[in-house]
Amino acid sequence: MTLQPLGIVFGYLLLALGVGLLAYRVGGSDAEDFYLASRTLGTLVLLFTTFATLLSAFTFFGGPNLAYAAGPEWILVMGVMDGILFALLWYVVGYRQWLIGRAREYVTLGEMLGDRFASPGLRGLVAGVSLLWLFPYVMLQQMGAGEAIRGLTGGAVPYWGGAALITLFMIVYVMLAGLRGVAWTDTLQGLFMLSVLWIAVVWIVGSIGGVGAATRGMVAANPDFAALGGGLYTPQFIVSSAITIAFGVAMFPQINQRFFVAKSATVLKRSFALWPVLVLLLFVPAFLLGAWAAGLPIEVPEGANVLSVLLSEYTPAWFAALVVAGAMAAMMSSSDSMLLSGSAYFTRDLYRPFVRPDASDHREAWVARIGVAVFATLAFVASLSRPGTLIEVGDTAFSGFALLAPPVIVALYWEATTRDGMLVGVGVPQALYLAHVLVPTTSVDVGGTTVDLLARAYGGWDVALAFMVLGAILTVGVSLVSSPAVDEDAAAFAVGGD
């Protein structure tokens with residue numbers, strides 16, 4: 001019961017490694033090929049590499065657990081609202097970035113903004129903020145892997161062993177494959193994840209008497225699950241989550257860099273048009289399984305993954321191992337891209353401008369590979385302390401990235417944006433949000449009501465929304481009273497590099 005599931009997971013890891021080795025032999029050794037696959041991705045690969053990169057431990061474990069505890073309406077946030085919102089942002093931000101990146105051969109968001117405003121400081125600030133919030137999200141994948149393998153083997157492999165396995169594999173794989181290999185395996189992983197998840201739904205639903213029986217059991221166990229907006233899912237929560245997740249995703253380094261890699265404008269437009277369909281195909285079954293589990297006669301221990309319990313109860317061990325391999329695929333397809341993008345931000349935006357401006361492309365590519373190993377190892381060490389649930393860790397990172405979006409959008413569309421406006425618009429909201437995340441709560445009495453001055457939400461609204469608005473206001477306001485950008489081509493930059 002332990003060796004068979006582990007054998008399936010190891011077999012899958014080896015298959016992915018084989019694809020990475022093939023990509024290493026085909027690709028070039030320069031930095032642009034390592035980071036961006038020489039900007040040659042077609043529709044299928046671009047769509048699925050973006051899709052698989054976003055499908056992390058949260059999709060397979062955090063999301064179903066949330067649906068199990070609070071009901072199936074999370075589908076509205078992830079499956080519908082963010083499927084549509086992010087597709088729109090892919091056009092608003094991604095298409096403009098693709099035009100500019102193609103014209104000026106940019107690799108990272110920080111490089112693009114630093115050049116736009118002739119500001120190494122802004123370039124370093126954007127990279128630093130991005131790496132700060134990327135760290136907990138890489139850690140989230142390692143936490144998910146540790147829990148998945150521990151549950152799959154009945155505790156024979158401890159949590160730290162599962163997290164160490166995925167960390168070691170990620171380091172080796174990313175150092176070899178670069179974006180070309182990551183994109184190829186992402187395509188295979190995306191198709192694999194969709195297939196095994198839908199088979200799991202059919203198998204489990206068949207075992208419990210059909211969709212009707214599953215839904216009736218869910219409603220009988222918790223009638224609130226049948227009411228829109230019940231329990232956790234207030235309008236404030238749904239809107240806050242949808243906005244912070246969608247805008248945060250657009251600023252994720254591993255997603256934002258994919259705005260640069262399309263082979264043509266047609267490829268880019270086809271990809272974001274198909275995006276909502278793929279999102280629904282994955283999130284609907286994953287979250288419905290979690291919600292249906294609330295009405296089933298199963299025992300879900302505290303801290304356990306409801307999806308793992310469902311599979312153990314209603315499917316054979318070999319199929320449960322396949323689904324966990326799918327979950328591992330989700331984690332890997334997120335983590336490898338995160339590590340690759342993190343190394344790009346480190347080498348292009350910190351190492352090259354501040355440490356070794358004359359570094360060759362070959363040297364830069366190897367510094368990036370070393371950065372992958374260091375970043376992954378540090379995240380693994382941090383993951384051993386389990387600093388919160390998968391949902392809490394993921395939510396913190398989404399909101400931190402979302403704060404970058406308003407200043408970036410202003411800079412992409414308003415040529416009067418200035419360097420000072422960007423520095424203030426990015427820096428101040430990040431500092432305020434970090435205070436809400438890191439500083440202990442401070443409560444005061446207001447008219448007999450205790451108010452937490454550093455709460456993460458006020459009246460159900462995520463505090464990150466207020467900081468997003470503040471970022472836009474500061475960027476525009478400070479730009480109106482400060483000197484214009486030094487770059488003489490700022491106007492051409494702002495309208496897409498044409």
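Start with helix α6, residues 109–116: this helix is mostly covered, with seven of its eight residues buried. Buried means under 20% relative accessible area, exposed means over 50%, and partly exposed lies in between, with a 1.4 Å probe and protein chains only. The model is predicted: local features need pLDDT of at least 70, side-chain atom pairs count only at pLDDT 80 or more, and totals for chains, interfaces and linings use all residues. Residues are numbered from 1 along each chain as its sequence is written, and side-chain values use heavy atoms, leaving out hydrogens and water.

**Stop 1**

Helices here are DSSP runs of H or I with at least four residues, strands are runs of E with at least two, and both are numbered from the N terminus.

Step back to Glu105. It sits in the loop between α5 (74–104) and α6. Glu105 is not a glycine, yet its phi is positive, about 60°. Is Glu105 buried or exposed? Its relative accessible area is 54%, so Glu105 is exposed.

Ala118 belongs to the loop between α6 and α7. Its phi is also positive, about 45°, and Ala118 is not a glycine either. With 40% relative accessibility, Ala118 counts as partly exposed.

**Stop 2: Pro136 in α7**

Move along to helix α7, residues 120–152, and pick Pro136. Pro136 has a relative accessible area of 14%, so it is buried.

**Stop 3: Ala214 in α9**

Select helix α9, residues 211–221, and find Ala214. Ala214 is buried, because its relative accessibility is 2%. What does Ala214 touch, beyond residues up to four places away in sequence? Show Ile208 and Trp292: these are its contacts. Contact means heavy atoms within 4.5 Å. Trp292 is 78 residues from Ala214 along the chain, and their C-alpha atoms are separated by 5.7 Å.

**Stop 4: Ser241 in α10**

Next comes helix α10, residues 235–251, which holds Ser241. Ser241 has 9% relative accessibility and so counts as buried.

**Stop 5: α12 against α13**

Colour helix α12 (residues 265–293) and helix α13 (residues 306–314). Their axes come within 10 Å and cross at roughly 75°. α12 is therefore roughly perpendicular to α13. Zoom in on the contact. α12 brings Leu289, Gly290 and Ala293, and α13 brings Val306, Leu307 and Leu310. By class, these residues are five nonpolar, one polar and no charged.

Some terms for this stop and the next. Axes are lines fitted to C-alpha atoms, for helices over the stretch in contact, and angles run from 0 to 180 degrees between N-to-C directions. Angles under 35 degrees count as roughly parallel, over 145 as roughly antiparallel, 65 to 115 as roughly perpendicular, and the rest as oblique. Nonpolar covers Ala, Val, Leu, Ile, Met, Phe, Trp, Tyr, Cys and Pro; charged covers Asp, Glu, Lys and Arg; the others, Gly among them, are polar.

**Stop 6: α18 against α19**

Now select helix α18 (residues 419–438) and helix α19 (residues 463–480). They pack at about 155°, with axes 7 Å apart. The two helices are therefore roughly antiparallel to each other. Which residues of α18 and α19 meet? On the α18 side, show Asp420, Gly421, Met422, Val424, Gly425, Val428, Pro429, Leu432, Tyr433 and His436. On the α19 side, show Val463, Phe467, Leu470, Gly471, Leu474, Thr475, Val478 and Ser479. This contact has 11 nonpolar, six polar and one charged residues.

**Last stop: the whole protein**

Zoom out. The protein has 20 helices and four strands. Of its 498 residues, 57% are buried. Among contacts with a separation of 6 or more, 85% join residues 24 or more positions apart. The accessible surface comes to about 18,300 Å², and carbon and sulfur atoms hold 68% of it. Such areas come from the Shrake-Rupley method with a 1.4 Å probe; for residues, only the protein chains shown count as cover.
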